[in-house]
Amino acid sequence: MTNPRTNPVWDPGQYLRHAGHRARPFADLLARVPALPTAAPRIADLGCGPGNATALLAERWPGAHITGYDNSPEMLDAAHTGHAGPTAGGGRLDFAAADIRTWTPAEPYDLIVSNATLQWVPGHADRFADLVAGLRPGGSFAFQVPDNIDAPLHALMRDLAGTPRWKARLADVLRRTDSVHTPGAYLDRLARLGCATDVWQTTYFHVLQGEDPVLDWVKGTGLRPALTVLADDPEARKAFLTEYRDLLREAYPSAPYGTVLPFRRLFAVAVQEA
């Protein structure tokens with residue numbers, strides 16, 4: 001049986017409603033990736049989603065062969081339609097179905113990158129050895145993950161899902177509180193694999209516009225498992241969203257210039273010995 005927590009149904013249109021805010025951490029991650037070891041690098045993007053962030057790889061390395069991997073048919077369809085094909089620098093961008101819980105490099109890669117995906121993969125740090133082993137000498141493994149599971153955005157969702165009305169259906173499908181490790185744990189794991197490792201955290205203060213923008217944001221990401229479970233019960237889905245919306249309005253009040261969503265993220269860049 002499909003687990004909605006690890007295999008929720010994704011909505012590319014909803015996800016892309018905040019594409020600018022979501023892409024910025026990926027751009028910040030790529031800015032810290034050093035020069036790659038080959039002139040026409042091979043790059044893998046694990047959890048590529050609708051491909052808008054994957055396209056940033058082609059801007060940074062226009063001669064690269066880049067493959068975005070994802071297990072969501074909806075996201076892959078959007079990525080193929082919007083971004084697949086040759087790139088301006090003679091490289092190419094393609095997309096393929098894969099489960100990153102088990103994906104292993106079948107060829108040497110100059111860069112393996114993952115943007116806001118590993119938090120959905122239980123035991124993801126145990127995969128680091130296989131991913132690093134798939135790098136060329138001097139290649140990099142880089143990722144960023146949301147590091148805000150204790151923020152009201154998630155805490156209120158978990159609290160609501162744990163109430164008597166919702167517990168039986170929703171309490172076990174949301175992201176676990178241990179879905180992301182500490183910065184020190186990532187640094188230790190990657191350094192022990194022989195990588196020169198850089199780990200850091202950043203808190204973004206996104207100023208969102210529109211009515212209930214924090215709810216709109218989370219409907220594209222962290223709320224997807226709950227929405228997947230409730231997809232066949234529109235009345236229950238509406239009731240849950242209404243309760244959650246009211247909690248978010250109190251936790252994230254609007255201001256004349258918009259609604260501020262503080263959002264902490266964790267980054268890591270690990271470079272294989274040349």
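**Charges, rings, cavity and core**

Guide: Start with Arg22, whose charged end sits over the ring of Trp217, 4.3 Å from its centre. Keep in mind that this is a predicted model.

Visitor: What makes the charged end of Arg22 count as sitting over the ring of Trp217?

Guide: The distance is 4.3 Å. The cut-off is within 6 Å of the ring centre and within 35 degrees of the ring normal. So the charged end of Arg22 is placed over the ring of Trp217. Arg32 has its charged end over the ring of Trp200, 4.0 Å from the centre.

Visitor: How many aromatic pairs does a search of the whole structure find?

Guide: Twelve. One of them joins Phe128 and Phe143, with 5.6 Å centre to centre and 35° between the planes.

Visitor: Why is the pair of Phe128 and Phe143 called tilted?

Guide: Centres must lie within 6.5 Å, and planes under 30 degrees apart would be stacked, over 60 edge-to-face. At 5.6 Å and 35°, the rings of Phe128 and Phe143 pair and fall in the rest, so they are tilted. Phe128 lies in helix α5 (residues 128-133) and Phe143 in strand β6 (residues 135-146), 15 residues apart. Phe128 and Phe143 are both buried.

Visitor: What makes Phe128 and Tyr186 a tilted pair?

Guide: Their ring centres are 6.1 Å apart and their planes are at 35°, so this pair is tilted. Phe128 is in helix α5 and Tyr186 in helix α8 (residues 183-191), so the pair ties together parts 58 residues apart in sequence. Tyr186 is buried, as is Phe128. Phe128, Phe141, Phe143 and Tyr186 make up one aromatic cluster.

Visitor: What kinds of residues line the largest cavity?

Guide: The lining divides into 19 nonpolar, twelve polar and seven charged residues.

Visitor: Which residues touch the most other members of the largest nonpolar core?

Guide: Leu223 and Tyr244, in a core of 28 residues. α6, α9, α10 (224-229), α11 (234-251) and β9 each supply at least two residues of this core. The largest share, six residues, comes from α11.

Methods: Residues are numbered from 1 along each chain as its sequence is written. This is a predicted model: local features need pLDDT of at least 70, side-chain atom pairs count only at pLDDT 80 or more; totals for chains, interfaces and linings use all residues. Side-chain values use heavy atoms; hydrogens and water are left out. Rings of Phe, Tyr and Trp (its six-membered ring) pair if their centres lie within 6.5 Å; planes under 30 degrees apart count as stacked, over 60 as edge-to-face and the rest as tilted. Helices (H or I, at least four residues) and strands (E, at least two) are DSSP runs, numbered from the N terminus. Buried means under 20% relative accessible area, exposed over 50%, partly exposed in between (1.4 Å probe, protein chains only). Ala, Val, Leu, Ile, Met, Phe, Trp, Tyr, Cys and Pro count as nonpolar, Asp, Glu, Lys and Arg as charged, and the others, Gly among them, as polar. A nonpolar core is a set of buried Ala, Val, Leu, Ile, Met, Phe, Trp, Tyr and Cys residues joined through side-chain atoms within 4.5 Å.
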